[in-house]
Each structure stands twice: as structure tokens, then as C-alpha cells.
Amino acid sequence: MSLSNLKPKPNSVRRALRGTLFSATLAGLAAVAGPLSAQTLVAVKHSALRVLDPIMTTAYMSRNHGYMVFDTLYALDSDLVPQPQMVESHTVSDDGLTYRFTLREGLKFHDGAPVTGEDVAASIARWGERDGMGQVLMSFVESMGQDGDNVFVMTLKKPYGLVIDSLAKPSSNVPFIMPKRLAETPSTEPIPEQIGSGPFTWVADEFQPGVKAVYAKFEDYVPRDEPPSWASGGKVVKVDRVEWVVMPDDQTALNALLAGEIDYWESPPSDLLPILAANDEMVVRNLNKLGYQTIMRPNALHPPMDNPLIRKAAIASVYQKDVLDALVGNPELYKLCGAMFVCDTPLASDVGSETLTEGNGKDLARELLKEAGYDGTPIVIMHPTDVGTLRTQPVVVAQAMRDVGFEVDLQAMDWQTLVGRRASQAPIGEGGWNMFMTNWVGADVFNPLVNNMVNGKGPEGGWFGWPDVPKLEELRMAYATSPSLDEQKKLAEEIQKVAYEEGVYAPIGQYFVPTAWSAALEGVLDGPAPFFWNISK
Amino acid sequence: MFGYILQRLLAAIPVMGFVALFVFLLLRLTPGDPAAIIAGDTATPEQLEAIRDSLGLNDPFFVQFFNWIGQLLQGDFGTSILSGKPVIELIQARMEPTISLALTTIILSVVIAVPLGVIAAWKHGTLIDRFVMLLSVVGFSVPVFVIGYLMISLFSMQLNWFPVQGFRPIGDGLGPFLQRIALPTFTLTLLYIALIARITRTSMLEILGDDYIRTARAKGLPESRVLMRHALRNCSVPIITVIGIGFALIISGVVVTESVFNLPGLGRLTVDAVLARDYPVIQAVILLASLIYVVINLLIDIAYVLLDPRIRYS
Amino acid sequence: MSDRVLDISNLRIALNGNEDSQVVKGLNLKIEPGQTMCLVGESGSGKSLTALATMGLLPKVLSPIAGSIVLKGEDMLTATPARMRTLRATAMSMIFQEPMTALNPVARVGQQIEEVLEFHSDLSQSERRRRVLEMMEAVHLPDIEKLYKSYPHQLSGGQRQRIMIAMALIMRPQLLIADEPTTALDVTTQAQILKLIRELREEQGTAVLFITHDMGVVSEIADDVTVLKLGEVMETQSVDNLLRHPQTDYTRDLLRSVPSQVPRPARSVATDEIVLDTDKLCKTYGGGGLFFRAREVMAAQDVSLSLLKGRTLGIVGESGSGKSTVARCIMRLIDPTSGSIKVGGKDIATLSQKDLKPQRKNIQIVFQDPMRSLNPRIEVGESIIEGPLNFGVPRNKAMTRARELLELVGLPASAVDRFPHQFSGGQRQRIAIARALAMDPDVLVADEAVSALDVSVQAQVLDLLAELQARFGLGILFITHDLGVAAQICDDVVVMQYGRVVEYGPAGQVLGAPQQDYTKALIAAAPGRHWDFANFRPFAEAP
Amino acid sequence: MTGQTTTVAPRETISPFAKVRDIVLSSPIVMVATALLAIIVLAAIFAPWIVPHDPVRLTPSVRLKPPNEEYWLGTDAFGRDLFSRIITGGRISLVIGVGAAIAAVAAGLLLGLLAGYIRWMDALLMRMVDGLMAIPNVLLAIAIVSLWGASLWTVLFAITIPEVPRVVRLVRSVVLSAREEPYVEAAIAAGSSTWLIMRRHLVPNTVAPLIIQGTYICASAILTEAILSFLGAGINPETPSWGNIMAEGRIYFQINPGIVLWPGLVVSVAILSINLLGDAVRDALDPRMAQRGIDR
């Protein structure tokens, strides 16, 4: 079958086609992709990087991007204690109203400009507009400014115990420091450039949304000399380039990792882990000990869920083990934990969560329904079908609620429709909703200020679901201003008790998503988010 | 001839107009709101409004439509809502994998399918004919991703002849390019062999019944000459049509193959855009796919003129 | 014996090779060098199959089961396919009926002829080209250099048939088989092609097996004649004996049903009521066109004619003369560009479809192709009563009328619930006539109504039409290209050429003593015009 | 009367059942295909009664089990019995296949008739048809489904829209050639109304090609539904369909390939049979094929 009768093609391609296409491919060219250059680390992330501004959106990919390109004043170590990062030292005035932070020597932005107090002030101000904990901090702040190039001064209206904790916030809307000219863009519009003082520089021209994002080592970065611990310590970069690749198909990602075409896979589906674990060239470990908390969130604005009894009945009907078996499957990768502020943290407590962790709430739920006089109007649960980690919970919860007598209308949609619809406070008929499920990284819910679900401000200023519980707000304010840890622990337990009584939301399981990487990599760090410094090939 | 082409060009304009209106209407009448997506979890209603204003989503329907068309005519496809990059750049980066997959698949399919179709028609009614048709129907019936997975597990994982995924532009040398494009091409070729073989067989059967074939045989020409020189030449018009349509379909429709083999093509760009409500990207890609379809139709018409003299002088 | 060109003895061809469905039953035929043997028979007589069997081109479902076909001493039925291929075009070649589709539309004409030489000779490319041009000269083609490079669709029907002849005779074969080569051509072209075949036969001494159903053609070209009926040979004689002393009744009936050119005696004019009258009727196609002026074609120009009640007006002309266009304008199947059409005194030329509907009752049409003039999926009765039902006639009344009409046209009333595919061509044409009469129109338009029928069936339908005309006082507008048919049925005749009326007058005068040169040429070209077939003698010897 | 009263063959009509029987028995392959399709269809229809387990009931404790005597084909990621889900899934997939075929054929017939028979409608309709055909059908389907929610109706609508243009073109070409037929012109001459001509003379001609096209649309609709589910834009997973069983199962391909392969096999067999039946119908009804033999 000669190729000659093909339409005349440019000579070179035809000769090559005749030569390569038939002989090489069929004869089984050595297929293993050439060894990637030692200095490039290829990682597959849980989804595509789209919005590059870590302040404008809470998307985890933007936060991870932030950790690469930007740096923070403080950061939590593995014991969740804030450690200085860009700050050399800080002093607090006696009346606790003036904080003076001196920055470390030699901190430079990627464009070579030195980091000044003004940059820090503008960055914290922009962060304060969008982030929950930041808004609380800004309500205490009097003024922010610079005293000489490398000193940042913050004055408060009244003393506030969590200033350092706020500046060390580990997860979404992390207080990253960016040049003043970027920080001044309004927080509703993305920052035009990616210039930070973080350990990696952003390679803009190789960025292909939905396909690939590339970071290069920032030569002038001055790491701290302490050993890295969680988000704190020295961020020493040991590779030249890091490529984040998107692979929509888990099957393909698994095969690519096994075949050595990629080095690192952030969140493989739990069922594939046994295959990876069995392979001695692979390392599987959970990097984020706080893990994830999956929650169910009723909408308190509209019947029937405006009645707390109905909300509590729904919560009582759920047994965490059913959810986690379906979602994760492998018992080592999940934990039955009723603590709203995540287990294994200082504020963890199991008050009010017995039905969730023991699964004995079915009868209680039926009584609550009878007591509330539930008339069978269907509960609309929004069910995202295109996100692997969110597809399972609605099905399990719907079945549990049906078992106790609820009428449930499980409406399938894609994630973006859910995100659009949950923002609507309209009644069910005009595109409203009764309940939805989502996941949070442990670091986003492990204290009452960060945890949006315990916000009781109602339709004005509350989080989706908008429960109107003034008691919760009082307790959160008390928590904010309480000086000692024991005091904070007691307040946190109180908040959780009230939240369960009001049925504002319920954690329906804590699970861990281990990361897999090829044994060739060393120095992979634990942390609230995947960190790429300290890794070498 | 020129008049004929001019006429076809003019006919294309209302078609593109209709496509533009249809896609714009489709997106505007749907639930889901890009602003909410960008704003993320903690946006307050005012911030949502601000974002919507900045994207111009609040203007009346027709204003949005006309300034979109206005931009379009100046070649400005707008910027992607999510990534802020101009849509043109996004599309350009994704063109090469899609075009190369389309080319390799079509070439391989034609080289295999046309002879199969000719043989099936020549031996009409015999076992060979039935076998070829059965084979082609199988190509039609198996879902693409099932074939894809089987190909990967067999050729990549066990035999490791080919890498699992990824795409290397042809600029990086023919070897790596062909290595990576091979499996997706084989997967798609199975489908297009079915399509082209059937069309070839059906039109060949029709032509073999015509008078000039009987004349050719009456001239004592060998059967191969009758088939190749007379029958196949006349059969080229329907074959060119199905190849053209096939090429256009591959450009815009191989989303599944692209995701299974992780080829950063146009298909995936559109699916990501649809799932993320990135209106400018969705509109631009669907418009572009339609433009490609219309242009390919025009090329097919021109090919008609070259292949069939009767049309040249109509 | 051995130099005999073709010797077919006891040839039997059957469907799928089984005995009891034979289409050719024991045929014997002999052709000497230089001799032209005419094979005559109606459709279905197996004449073409015999030719195809000789060339080895029978369709797969048919196969010879007995007998032999010996060409120059070699039996074709036992020859290997490879051997057959070498013999085709060298020892024997064949030309076919439809010149329009016989050539490969996408290849140049000269090159299609050259192909024969390419495979059957070892001449050089330039030598082949010279031979081809020489052969094109021999078949009297104009401007051969330009024609060599042009495509089939740029040639006329006659030119294409000449190309086929050139292709067939370029290797100077001993036997030329011609399967109704002129049936699809116009009369004038047909005459030229017959003359060309005779000329080449003398020049190259080729034996010709000429297949036709037209006795006129037989009288022009045959040396000897074999008459076939349903696969069996009726008789074989020299052409002169056959025409003068036909031995079998079948041949006699065949000769008697050939419509003679001599117009029948004029009938007296019963009434002067005009049922159909057109004045300066024009129809142009094309024109307009968005950017460039499309070629304008004047299909009909200033056609004025009138038809009296109970009489028949014939429109005669070659293909492309516009006779069908006039008929379709009168029926308002296409809209005339200008001019008036009066039916029963009312001008229907410019009426809207709505106003036109009531008038449609008065004028009905019968088409040429019996196979496609009846809807194959509904019973025949339903087709007939469709018209009356449109005009409010109650169903049962219309159905009884339909039964009467069927008997009127010579078919059993019980045929009303049969499907069209259960009838022969002639029977279907009768049903079509019944359908037209169901509307009891004033005017019946017959557009080549009998051209597709065998001669014997043709005669019966013509008689039926004449009889119905007398009974219902019908005005008939009869469109045909066959002068014989026109002579037998028309009272007055219009001759048309390139859309214009060339001559218009009583049949006796127009066909008997034509004034215009074109009409004269037309009559002169009709084959067999000097034979009085029905009386088995040439007109010259008429008493 | 002149001419002998010819005898006429008795009334002989072929009942549709006889025709169907001939098509089915026309070749062994078609027989096998029909049998397989019949089994799948019957199983789908009687699914609720013959299903060993409740296809929707989650039992996470027995998830991803290989085929065993209790779960004949094993279980999926939520511990639901795969065998029952495949049978019940057949209902949705076949409903979509048949539904899309009927809807596309009906819409295509109407528009095709209008475009073919009414001159001025032709240009307008054909430009719209070209427009619809220009839009890539998988992308259009995804856009419609993911934008309007994944209910059975939106998926059916999304799958039908791209098929309509092909049917319109087919019907238009049949009508354009049929209206030239003499028996149609005779009907016009007899004053029949446009509607009568369409109903009685034009539509019957389109029946055969539409049946053939219908089978191909049915097959491609089932495939498209599988692709949509694969991309996360298909029917909502609560109601099983072949497509979304495979889509959900693809992550576990390495652990329990059966989840993808079993439904994949059933889909392929179903589509193969439908396509083969389509070919058989085409050969039986296509007049050209039939009288090729002895028309000389």
C-alpha cells in the first residue's frame, strides 16, 4: 500500500511520514518519554488554575498559586502556632493598641523593588475588604502605615487578641503581601500582574488556562534559616521550574504517574490509592493533617427549613459513616468527627454531635419532624454532578432524610450553576434552594472567626444559608476579644452547642486526601496547602 | 466558476449570522451567572453587582449583542472572564493539537476506509462485503472512551509502545509528536473508517450500475482499471464531502478523546468554558467551529468543481 | 463456414439459472461478414439480452444455461473472462441506446477513445492520438481538435453516439452490435447515424447485429431480419421478403400496427366551438440572477393556436423544440411569462392558484411514462376519484363513476382496488386516461402519451383515444415527436422548432404537402416513410 | 370495446408484518442482532420486576465488589448492584434513543416538507439548517444540558437538536425529486390542495428513508448520551442510564473495569443491532437495490 497515491504533500513531511509513520510506530519505538530534565517538577493539581488573584476569590487553586508567588508576614507551624516569616521582629505598645513590625533584611519583589511598609499596609487593607477574619481585624484597626522603609505600623481602636493569628491565616484569602501598585486595584477586579516576593516567579507567557501553569525559581529570594515546618520556616527552592498540569481524566493521571510522565499528583481519588501504594516507586502520604470537613448547609430563610426543628431533624437523620464510606471508602482515610472546628485542633469538641458520629438519630429525627408538623413539602437539595468530591454526599444525605420521612427533590446541576444559585436569597419557586453540601479545608473552619457557617448575621452579612442567630454573633465577638486560650476554648464549645441547637449547619465527616508522588522526590512538606519549596529530584 | 464561489460565499453570511444569534441567545437565557462564579464564596450582593457591571452583563440584551458583533468584526473576540487572557490567545494555543489530530485521523481513515469501501462494493453481496460492513458498524457502535481506555491499558501500560498522554507540538520533532498523537488517532480512526467506508461503498454501488461502467467493460478494460479510473473518479465527490464533514466534526467535537488522552484541544477548552460560564470563550469557540465548518463546506464545493466538470460550466 | 462472423445456436438464458424461468428460449442466429442482421421485437422479447450474452456482459442474476455463441469459430460462453476482455473492442464491440449516459462524465472524450488503443495495441502515445483524431474524422465530427479535449456534457446526443461508434470501430472489429442506438435520438440525427453506420460497414466490411423495435429503422438498414417474441424466434428472412410476405401472424400484426406517414383523410369540421385558444404564449427561463445576467432561454415564443371541440390538434417537433413547455404552460403546471390561454372562453394564464382551481376541471393531462404517472402506493381507484373528490363529488358516486370509466377504457371494473405495479404499461396508460376523464374535461392534453409503449399497444391506445373523443366530444392536444402517430390521429398539426411555430395547418396539408423547409426535412428524415407497412408493399407500388 | 378485456392479477398486498419478517430473516447476522436487541429491550421494559436488587439503594459497605453469586456483575462505587443498574439504565438510554429518533424525524419531516415544497420557505429554512449543522453537536448538547440542568427532557432536547438538520435535508431532497413525478403533477392538475398532495403523494415517499435515518439517529443518540454523562453533563446519576453508569465507573477502571466494560458491552451490542437493522431495512426498502437485476 504505497503512500504515493496520497495527495501531493510537501516533500519533507511525506518522506518523513513514509519513514516514521509506518516503520517506527509499528515496530514499537521505545515509548518511555525522555527523562524529564532533572530540574523540572511536573505536578497534577486537583483542578485548573483560572483566577490568578488570591484575594479576589477563595478558590483553593488561587490560594496555592498565592503561596508560590507571594509571601506572608506570619505563618502557622505544624503546631498551628504563628511564626514570623517576612517579619524580623515585632513590638506591641503597653496599651496593646500599636503594633510595630520590622521586616527582614533583603526582602525583594520579583521586579527587584524592595518590600516596604507601605506595600504591606496596602496589601493588608485589600485583604481586609474580602476575607472574613480580615473584616473582623479591620473593624478593630485605627490606621496602618510605614515608619521608615522596612517598618510597618498598625494602630487599633481597642485591644484585639488575634492580630498575629489573623496575619498568619493559613487558608483561603491568605494575607499575601504584594507591591502597593498592585494592592490598590479594587478587590472586585483581578490584579493585572503577578509580582510578589514569594520563592517562585510566575512565568506569564507559558500560562495556558485549563492546561498548564509554570513557575520558575526566584533567584534573589532570601529564605529564613529555620527548618521548614508547615507554612513557616525557610522556603528553600531546590528545583529550577515547577509545572502545574491539568488532567481532567483521573485514569490518565494515574497512568501518567505510574509511567513517570508526571512526578506529583495532588489529590488522587481514594479508590486509586491502593494501586499507588502497592507500587514501590510511589509514595502516598497525607500532607494536610487537618484534612477536609464536608458539611451540609440548610437555607434558614425559606420554609420548611426556616423552622430549626426541621433543620435539626435533617441533621439527626445523617450518620457520618454512611457519607464517608460512599465518599472515601477506605476507613483509614476518614474520621467520624462531630467537632465543627475540626478534630485534633485546640478548639475541637464533640458537644451536640452524638447523632452524627453514632448514627442513632433516626428516631429523634422522626420525633422532631412530628413535633415540627412537617407537611411533606419536598426539600430541594442541589446536587453538583461534575465535581468528584461533591457528587456523593447529596445522594447519601437524601437517602438518609427519606428514611426518616422527608420528601427530597434532588436537583442535579453542574457546580457553576450551584455557585450561582446558592447566592440567591429568592424563595424556592424563583430559583431558591433548601440545602447544599460543600467541602472546606480544615484550616478554613478550625476557629469561630474563620468558620463562615457559624456566622449568625442573617440575610445581611451572613454566609449562604443566612441563619439569623444574634447569640452566635455575641459569642464570636467575645471569642475575638478574649485574651486566654482556655477562655477561647470554652467560648468555642459554647458556640458549637448553640450552632447545633439552632441547626445552622452540620459537619457530615472529616476525611483526608493524601497526595502521591514518585519516590524520586525528597523533602515534600506537610501543610494546609501543597508547598513546592524544599522538594528536590 | 468565480460566480459560483461568490454565490457560495454570500450564502455563508446569513448562516454565520444565524449561528451568532443562536449561541448568544442560548447563553443569555440560561441560569448560572459568571459574576457569582468569579466572586467565589464570600461575595456580598453589592460586590456581585460591581463585577456584573464591569463585565457589562447588566446592559440590555440587544446592546450586549450588537457590541459583541461590533467587536467581532474588528477581530476582537473579547477577553476570557475567568483567566483575563484575550480569547484569541486561548484559542491559538489550543489550535495545534486539534488540527494535527484532525489531519492524522482523516489521512489514516481515508487510506484505510476508501479501499475497504471499494472492495466491499466490488464484491457486493459476498462474505467480504458483509464482513467489511460489520467491521465498519462496530466502529460506529463502541463509545469512544471505552476504546480509549482499552488502547491505553494495552498499548501504553502493558506494551508501553506509546506514552499515556500529553501532546508535543510537531516543532519538537516528528518522533515525539507522532508518539503522542498515535493512540488518539487510532481511537478516532476506528470511528471514521466506519463513516467513510459506508459512504464509499454506497456511492460505488450506485455508480457501478451506471451505463458508462458497462461501456468501459465493453471496451475490454481490466476490472481494476474500470474500478479505479472510472468508478472511483466519479465516486470522489461524495467521498470528499464526508471527509470534509469529518474533518470539521473532529475540529469541534472530539472532547472525549481530548480528555482521555489529555490533548489540550479546542474541545476541552469549550467544555471548561461551558462548565465555568465563560461566555466570551464559549461564543468565540462555537463561532470559530461554525466558521471552520462553513469554510470546509466551501472548500468541498470548490473540490466539486475541480472533480466534476459538469459543475464547472453550470 | 469458418469465416462466419457469428453463429448463435439453441441459446437459452434463464433467471438465476433455473429452468422454468427462461427469458431466451432456444435462439438461433447466423451473421456472415459484411452482413447486417436486424433483431426485431417488442420490449421483453430478450433481444438486448442476446446481445449482452454475446459480449459477456449479462447482469449477475441472468446466466446462459444452454446453446452456444460462436464468434469466428470460438465459443463465447466457454471463453475465460481474460479471453473475453481481449476480444471485446478487437473482435466484437457494442454501442448502446442512451448516448447521454454512456460516456464517463468526468473524463475527456478523446481520452476515453484512446483508452481502447491503450489496452489493445502497443502504439505510442502520439501514434494513438493521431489514430483517434483520424477515427473522429471518419465519424464526421466537427472541429475534432476541440472536441478531443472537451467533456461529454458539452456534446449533443448525436455527437456522443458518434464518439461511441468511433470507440467501437477504432480497432476494426469483425462484429458491431448496436442495441437500439438511435431510439433516444431525434429523427434528423437518427437518419445521419443510420447513414454513418451503413457507410462504415461498407468501408470496414464489419458485420452488424442491429437491435430495434422500429420497423422503419429495419427497412432502412437491414439486410436480413429475425423477429423475436418473448425469447423465441418467429421467423428469419431477407428484409424485402419479410416486409412483403410476412410468414407469421405476429409479424403481420406488428407491421399492421406501424402508423403510416400518410395522413388519414381529413374529418369534417363538426362544430366551430373553440375549446382551447392561446395567443402569443411565451415562456423564458433564466434572466435575473443576483450579480450577473444568467443566460436567458426562450423556451416558447409567441405560440398561438386554437383547438375546436371534438377535434385533435397535434404539436410536432424534435426534443428542445418547446412542445412540452407549451403543454405545461397550458396546464398551468408552469407559469407562462406572457400571452393568454383561453379554456372554455376564460383566460387562465394569469389566474392565482386559488382562482385557477375551479378552471382546472376543464383541462386534464396524460403523461408519457406509464411507470410514474400513477402513485405506486395507492389503489388505482383512489387515484381516479381523487380529482372528483376535490370538486365535492360524494365518494360512493365517484367510485361507481370510476368503475364505469375503467370498463370504458377496456379494463375490468374489479381493477379499481388493485395497485399500479400489477398492470402493464399499456394498462396503466388506460387508467391514466380514465383518471383524466373522471373530471369530464373539455380538453385532454396528451404529452407524448404513447411514445413509451410498444407499437402494438400504441395502436390500441390511439384507437381508444379516438373513440373517447367521438363519444365525449373531447378536444385533444396531442404532443409527439413521431410523425406517423401524428399523421394517424391529428386533424390539424403545429410544427415547432426552437420554441417558435414553423408551420400550422390541417394534417393533410402540413404532413402531406409541407411548405416550410424544416417540415420537409423532418418528414424526409423519418425512417421507412416510403413503405406502406400495413399493406406489405412500398408506396411506389401502390395501385 | 376495442382491445381484449385483459385479465388482471388478484389483489395482492404485502402486509407490513410480512415485510418486517423478511427483513429480519434476510441474513443470519441480522437475525442475531434482532434477537440481542429484543433481549435488551424486553429486559429494560420489565426491569422493575426482574431486577435482583434495588438499583438505586446505596450500600456503601459492599462497594466495588467483583462479580459474585449475590451481585452477578459486582457493585459500583456506592455499593449498588451493577447488573440491576444496567438493566434499569437500559430504560433511560432506550427512551432517549427512541425519543430522539422520533422527535428528530417528526421535526425534520415537517421542516423538510415545507422547505422542499414551498419555494420561498426553502432559502430561509436551509440557511437555518446550515447554521444548526455548523454548530458542533456535542458542544451544543453540553451547553444546553449544563446550562438548563440535567433533567431527562433537556438531555433529550439537547441530543435531538443536532440531528434535526440531517433529517430536514433528507426529507427536502426526497420531496424535491418526488414533486417532479408525473403523478404529483397530475394531482396538481386535478386541483388537489397542497396539504392533500403532501399527505398523500409526498410523505409516503419519505417513509423508507426516514425509517433508515431513524435507526441511525437512535444509535447515535444513545452514544451521545454516554458521552454527555462522561463529561459530567448527562442525566443526573440518581436515575441510572448506561452513559452515567460508565461515566461514574471510569475512575475505578483499574480496580473494577467491569463497571465500564459491562455497560460498554451492552451499549455496543444495542447500537450494533440497531445499525445492522437499519442497514437491513435500507437494503429491503431501497427500490434501486431490488430491481437491479433484470430491468433490461
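Which residues in α4(D) meet which residues in α5(D)? I looked that up before anything else.

**Ground rules.** I'm working from a predicted model, where local features need pLDDT of at least 70, side-chain atom pairs count only at pLDDT 80 or more, and totals for chains, interfaces and linings use all residues. Residues are numbered from 1 along each chain as its sequence is written, while chains are lettered from A and ligands numbered from 1 in the order in which they are written.

**Helix pair in chain D.** I found L111(D), L114(D) and A115(D) of α4(D) meeting M121(D), D122(D), L125(D) and M126(D) of α5(D). Contact here means C-beta atoms, placed from the backbone, within 7 Å. Helices are DSSP runs (H or I, at least four residues), as are strands (E, at least two), numbered from the N terminus. I sorted the residues of this contact into six nonpolar, no polar and one charged. (Ala, Val, Leu, Ile, Met, Phe, Trp, Tyr, Cys and Pro are nonpolar, Asp, Glu, Lys and Arg charged, the others, Gly among them, polar.)

**Chain D against chain B.** I noted 35 residues of chain D in contact with 35 of chain B. On the chain D side, α5 (119-134), α6 (137-148), α9 (194-230) and α11 (258-285) each give two or more residues. The largest share, nine residues, is from α11(D). By class I get 24 nonpolar, six polar and five charged residues on that side.

**Chain C.** I listed 20 helices and 22 strands. The C-alpha trace spans about 70 × 60 × 55 Å along its principal axes. Among chain C contacts between residues at least 6 apart in sequence, 69% join residues at least 24 apart.

Technical notes. Two residues are in contact if their C-beta atoms, placed from the backbone, lie within 7 Å.
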